[in-house]
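Please look over the sequence and the structure shown below. The paragraphs that follow go through them step by step.

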Amino acid sequence: MKHVIDLTKILKERSGTMKERYGRRQRAAVMAGGLIGTCLLLILHLLFLTAARGAEYPTKTIQMVSPFPPGGLTDIVARILNKKLSTLLEQPVVVVNKAGGGGTVGIQSVAAAAPDGYTILISTPTIMISPLTVKGLPFRFKDFSPFNLSTSMPTVVSVKKDAPWKTLEDLIAEAKKNPGKLTYSSAGPGTLPHLAGELFKKDTATDITHVPMDGAAKATTAALGGHVNMTFIASGGLRSYLEAGSLRALAVMARRRLEEFPNVPTTIEKGYPKLINSAWVGGFVLAKTSPAIFKKLSEVFIEALKDKEIIELFKKVGMQIENLGPEEAAKFFEEEEERVSEIIKIAKIGQ
Amino acid sequence: MDVLDKIGLGLSIALTPANLLFCFVGTVFGTLVGVLPGFGPVGAFSLLLPLTYKMEAASAIIMLAGVYYGAMYGGSTTSILVNIPGESASIVTCLDGYQMARQGRAGPALGISAFGSFIGGTLGVVGLMFLAPILGQAALSFGPPEFFALTFLGLTLVSYLSRGSTIKALIMAVLGLLAGSIGMDPISGVPRFTHGSTTLMDGVGLVPVAIGMFGVAEVLENIESTTSISIFKTKIKGLLPNFKDWKDSFWPILRGTVLGFFVGMLPGPSGTIGSFASYAMEKKFSRYPEKFGTGVIEGVAGPETANNAATTGAFIPLLSLGIPISGTTAILLGVLMIHGVQPGPLFIGKYPEIFWGVVTSMYVGNAMLLVLNLPLIGIWVKVLKIPYFLLFPFIFLFCLFGVYTLNNNLIEVFIMLIFGIIGFLMRKTGFEGAPFLMALVLGPVMESSLRQSLLISHGSPTIFFTRPISALLVIVGLACLITSLFPMFRRKREDLSKKIGDVS
Amino acid sequence: MGQRQLISSIVLLVIAFSTFLETSKLPIGVPRKPQTGFYPLILAVLLTILSLLLLWQAIKEKKGKRSTGEARWGGLKRIGLALGALFAFAFLFEHLGYVITTFLLIAFLLRAIEPQKWWVVILVAFLCSLISFLVFGLLLNTQLPPGILGI
């Protein structure tokens, strides 16, 4: 550091002598020359950049926006996929985390980006739910086209390990006897567990009180500690507790039973055919993107999700691979959207 | 003893050359990351994540854990040197640490910070080893009413963070609470005060506000007069803490360890809360509380120890129950899951190698960090000798980059600048930033916990008093509130007479 | 100090008032079942009370000394320049790229606040850009905007 101070002293002296030796005009000329030179370089560089376009998609790095902080379950999907995608597309696919607003900040950034296929989005149901529950959001679900429905995790109705209800019927019976008394935790207003809870209320005709917590982890903890009576969390986050027995699963809100917990009945078996809810993860681009690019992305995703290693990784994390291409995904989302908007209206979420 | 066997198992894993290397890489990276304001462990994790795929689960966690507690070592560096908190848990270190630096005592400040961090971290690991399973269960008994009581208690201590007028501190706290309410209402989802901005939906972030209010404002104040005044006394009084420093810091360090460790287990920004609480505690127990804020070493020793103990404490819910209490621990959870390891209540029993391997590597890591950071003190102190006219643009750059790299969000940079202006104005009018920040951190938790509790109790406020833990905390909080308001009436008269003679 | 306190308490009252305005648009609820606007409303009330107390204090000591205004104007100009540079940095950051904006910012600050010799300015600005490029761009591989030169 002493050297830095000496250096500055030397520079101060030198510049003094410089001022004496060369006149003002000459120094100005040098600076002007430098500026012009830099400008020329800039212009040349820009010209070269524009010349590079025109080749086939993709010709440069693709940004895969993950609207959640790194390490969460959604983010994991992006990170498991992006290396394989880079290989398949022969261009780097980089995961960019843009967390905030429960996912809305990241989604909005993609909505505002150019529809050139270089900014793609990995998202959870937030993209469908939040425009309906949050006033003033600058995007709608239909601004985006899903090119793949990648994974899903069904919601599980669970209670604390020593809760007095051993089956779904017990729970529903108690809820009917004491309207408004039982409580359930969710990950927050407008999140999937909240929707699941309201769906439960409607389909089973019970009145349970919603206690919004801040995130799925806190919702799970609230149920574990018995601070609320039940919770509706996606299966991936619950596996370890179900295994350890700290939580008891009463039903799975899906069409098929869970592979790892085959003893847990589905809500359909219990007589509630419409009571399904799952946390899905899908890939989206802006609807205005060209069909050729859209097709390329959907093909690449379908192939990536068939990769053995990737299937293994998803299994480890507890996610079911859906791998639905654009047409099937579109159908799925149509049904989802209907269900979701109905529940939002009935439960008056966001008003 | 059974535990000794397990420690042996752990050491056999932690001391393999590969894991030693990973530990070293993690801790060095963590220190670097901690020094950079804004860019915290989360950012570092996302960089290292791809590397961890090919590693074994234990190695991955060893490295990432190193980054996590390493950041707590580095975070205090910029707090002390340039009044910019490197981590939100180091905000409190700015209060006295920076003043010590201005008095030429940056060396002892950095030194006691390093030693305190070491002691807090190491003792915390001991606690982790023996108490993990029990404490994990205890953490579950904290529900919304307990969180409300805890944050309420924390807020009543706000007046301890300020040196000057109590009214102004209270005003700052209320403003902090208001700022904390900006964003999506955590219970109903309705946006408050956001004016349509999606960035604000998450509220004003703590990091942009802290860096703006402390860092940017500080530089603005310094360059206002003239940059040739040496901001830092050039005569450096020693590089390491002297005997008196150690004597003064002894109890703060011990108290900080215990406090930090237990607070660290609680969800939320536990490192930040732990360090704030330690500062308030030290001020309360001190024989000269009015000197806090002028460069008192207890104000550095306690909080720095506490935040390291807290990071260790944060591992308890993660390892014993599989519950992440913050974004950082959530990533560690994700890493475990990618490796096919299921964190949860059965974790310690099912994967003893990972648990004990990670825990013993924490000893190693803390030792490495101490050895690393001590020589660095000499270098850091020399940095302060750079003339301010060269230093200050670099400090600004630091702040700008730090905030931007947090979320790649330019709006947060603007928030930082706005709070820089606000912080500057605050300094000119005698308002302090620490109560504001504390309220900003605690406020949202307090409000959501209150409303959640009322939902659970179906509207009855007696829930706070029928549950033992929350009842205790609420009563202590009320007591603190009343005792701190009382002297306010007496002090107001003193303040008035002081101000007439004041020429600030 | 008295005058500044007067101004600050008035500013605070304005803040409290605007909070009242905003919360009036939100549902308030009742103490047993508080809704969105309840909490900010209580805070606005508290703020009003405290600001009034502060105002009272300020009025009482308006007869106190005023702070020296000499160095004030020169100082304000510097602050203004510095802030202007910082805001300009933020605006240009994503367009020009982080390396160029860094260079411009450092050069400007070194020149405008307390003018240094051109050699010093260029050298230090260049070094800062280089260091930030190395540290943030290469070493940390953070996602900083490349800007028009692709760096």
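**A walk through the chains**

C:L55 sits in helix 2 of chain C, which covers residues 38-60. The model is a predicted one, and this residue is a place to begin reading it.

The rest of chain C gives the setting. Chain C holds five helices and two strands, and from the N terminus on they follow the order α-β-β-α-α-α-α. Of the 151 residues in chain C, 34% are buried. Among contacts in chain C with a separation of 6 or more, 59% join residues 24 or more positions apart. Chain C is divided into domain 1, residues 2-60, and domain 2, residues 71-139. Taken over C-alpha atoms, the centres of domain 1 of chain C and domain 2 of chain C are 39 Å apart.

Chain B comes next. Which residues touch the most other members of the largest nonpolar core? They are B:I61 and B:L64, in a core of 303 residues. Helix 4 of chain B, residues 57-82, contributes the most to this core, with 17 residues. Leaving aside residues up to four places away in sequence, B:L64 touches B:G26, B:F45, B:L48, B:L332 and B:V335.

Another helix of chain B can be described by its length and its surroundings. Helix 8 of chain B, residues 166-180, has 15 residues and spans 21 Å from its first C-alpha to its last, close to the 21 Å expected at 1.5 Å a residue. Because 14 of its 15 residues are buried, helix 8 of chain B is largely enclosed by the rest of the structure.

Chain A is read here through the predictor's confidence. The mean pLDDT of chain A is 83, and 83% of its residues reach 70 or more. Where in chain A is confidence lowest, and where is it highest? The lowest is in helix 1 of chain A, residues 2-21, at a mean of 56, and the highest is in strand 5 of chain A, residues 183-186, at 94. Over residues 50-54 of chain A the pLDDT is below 50, and this stretch has one contact in the model beyond near neighbours in sequence. Where pLDDT is low, the predicted coordinates should not be read in detail.

Notes: Residues are numbered from 1 along each chain as its sequence is written. Chains are lettered from A and ligands numbered from 1 in the order in which they are written. This is a predicted model: local features need pLDDT of at least 70, side-chain atom pairs count only at pLDDT 80 or more; totals for chains, interfaces and linings use all residues. Helices (H or I, at least four residues) and strands (E, at least two) are DSSP runs, numbered from the N terminus. A residue is buried if 20 or more other C-beta atoms lie within 10 Å of its own, exposed if 12 or fewer, and partly exposed in between; C-beta atoms are placed from the backbone. Two residues are in contact if their C-beta atoms, placed from the backbone, lie within 7 Å. The expected span of a helix is 1.5 Å times one less than its number of residues. A nonpolar core is a set of buried Ala, Val, Leu, Ile, Met, Phe, Trp, Tyr and Cys residues joined through C-beta atoms within 7 Å. Domain bounds come from an automatic or database domain assignment. pLDDT is the predictor's confidence in each residue, from 0 to 100.
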